[in-house]
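Here is the note on the model that you asked me to look over. I have kept to the points that can be checked against the coordinates.

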Amino acid sequence: MTDTVKPSFSCEDLLESIAEGVIAIDTDSRICVFNQSAEKLLEVSRSLVIGRPLGEYFKRNPRISELLKATLEEGRLFAEYGEKLFRRITGDTIPAGITTSQLFDAEGNIQGAAALIRDLSGIKSLEEGSLRKERLAYLGTFAAKVAHEIKNPLSGMRGAAQLLSRRMADPGHKEYLEVIMKEADRLNTILNGMLNFTKPAKLRKKPFNIHKALDAVAFLMGDEKLSIFIRSYDPSIPDISGDENQLKQVFLNLVKNAKEALGEGGSIHLTTRAITEFHIVEGGDKGRMVSIEIRDNGCGIRPEDMEKIFTPFFTTKHGGSGLGMAITLNIIKEHGGHLKIDSAPGKGTSVTVYLPLA
Ligand SMILES: Nc1ncnc2c1ncn2[C@@H]1O[C@H](COP(=O)(O)OP(=O)(O)O)[C@@H](O)[C@H]1O
Ligand SMILES: [Mg+2]
């Protein structure tokens with residue numbers, strides 16, 4: 001009896017096929033593995049680096065050497081360590097997450113260390129360019145004024161329609177008035193969203209259970225189709241400290257988007273994880289974080305739309321408000337968190353919220 005299945009591909013094939021860059025060093029800190037994705041990410045040919053001492057070719061990316069050395073020599077492991085990687089040919093930088101591990105032989109002796117490098121170009125670090133910030137600040141005050149101005153007459157109109165509908169005998173006419181009320185309510189929701197976004201309520205932080213909050217959102221969104229949710233929760237996650245209502249709003253927005261993107265037979269995965277040694281931006285947060293991923297297998301986001309989805313009022317939906325993602329980003333930022341989004345058109349979208357654990 002054997003408990004392994006012999007695959008029809010080699011370990012080499014596997015290394016060359018995966019999307020993450022893999023770099024491994026031996027106990028003398030010489031580079032012994034440098035896969036194709038690592039070549040693409042760093043724009044360095046492996047022929048230049050294999051067998052060379054670590055550091056020689058990573059002068060512009062010293063963090064890679066540092067992390068690998070710390071892993072090899074001190075046994076320190078890093079998970080999704082956030083780093084801007086320098087690319088040799090184009091000279092630009094890309095955000096990446098570096099995860100390291102020690103390499104052991106069958107006897108359990110340490111034989112080296114490996115780093116897995118993930119391209120995080122899709123990441124929305126909250127330190128955005130000043131242009132967006134300025135635009136948002138301007139939009140903020142402007143939108144808040146407009147929202148206030150519209151809310152009052154709108155509620156007057158809705159009230160009048162309601163009064164009229166009570167007096168209306170003709171059910172056909174009643175129906176028109178109901179349309180007016182329904183649309184007024186929808187406008188009101190949009191205006192509330194705008195006010196929420198422009199003047200976010202003060203955070204009322206207290207510890208709460210993230211899984212209960214997610215379940216409440218799933219319940220709210222699921223109606224009869226609770227089965228579209230596939231939950232995979234990390235039970236080791238302690239209560240997190242945050243504004244429960246606002247974070248529920250975040251998950252509601254994200255789950256709603258996921259649901260709206262789904263076709264027939266689609267599903268939404270809710271996955272939570274506790275993460276240690278999380279450094280998403282240089283000099284950024286250290287310490288423990290929790291990640292909450294909302295993944296759908298819906299229509300996905302076109303690459304050209306990716307940049308715009310956080311811009312207030314950007315929507316690809318008929319009747320969409322285009323405020324969900326902007327509000328979501330704002331609330332996460334208030335909590336000192338991050339948001340990462342990966343999407344493939346036609347395949348689906350994964351949105352991950354990172355929140356700090358106290
Ligand atoms: N999970 C998702 N799948 C596909 N597209 C998405 C997803 N989440 C967001 N989007 C895109 O981002 C846009 C903006 O989202 P949002 O700010 O919530 O506004 P709205 O949902 O009102 O359009 C959406 O119109 C859609 O194009
Ligand atoms: Mg939305």
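Predicted model: local features only at pLDDT ≥ 70, side-chain atom pairs only at ≥ 80, totals over all residues.

1. Residues are numbered from 1 along each chain as its sequence is written, and chains are lettered from A, with ligands numbered from 1, in the order in which they are written.

2. The protein has ten helices and 13 strands, where helices (H or I, at least four residues) and strands (E, at least two) are DSSP runs numbered from the N terminus. Of its 358 residues, 29% are buried, that is, they have 20 or more other C-beta atoms, placed from the backbone, within 10 Å of their own.

3. Five strands form an open sheet in the order 2-1-5-4-3, and their pairing is antiparallel; two strands count as paired if DSSP finds at least two bridges between them. Strand 2 (31–34) and strand 3 (81–86) are at the edges with a single partner strand each, so one side of each has no neighbour in the sheet.

4. Strand 1 (residues 21–26) is joined to strand 5 (residues 110–119) by six bridges, and in this pairing Asp-26 has Gly-112 as its bridge partner. Strand 1 also pairs with strand 2 over three bridges, with Ile-23 opposite Phe-34. These two strands form a hairpin with four residues between them, and Ser-29 in the turn has a positive phi of about 60°.

5. Which residues have the most contacts inside the largest nonpolar core? They are Val-250, Phe-251, Leu-254, Val-255 and Ile-294, in a core of 37 residues; a nonpolar core is a set of buried Ala, Val, Leu, Ile, Met, Phe, Trp, Tyr and Cys residues joined through C-beta atoms within 7 Å. Helix 8 gives the largest share, seven residues. Domain 2 (130–198) and domain 3 (206–356) both contribute to this core, so it lies between them; the domain bounds come from an automatic or database domain assignment.

6. Helix 8 (residues 244–261) has 18 residues, and its buried residues include Leu-247, Val-250 and Asn-253. Leaving aside neighbours within four places in sequence, Val-250 is in contact (C-beta atoms, placed from the backbone, within 7 Å) with Thr-328, Ile-331, Ile-332 and Val-353.

Notes. Expected span 1.5 Å × (residues − 1). Buried ≥ 20, exposed ≤ 12 C-beta atoms within 10 Å, placed from the backbone. Contact = placed C-beta atoms within 7 Å.
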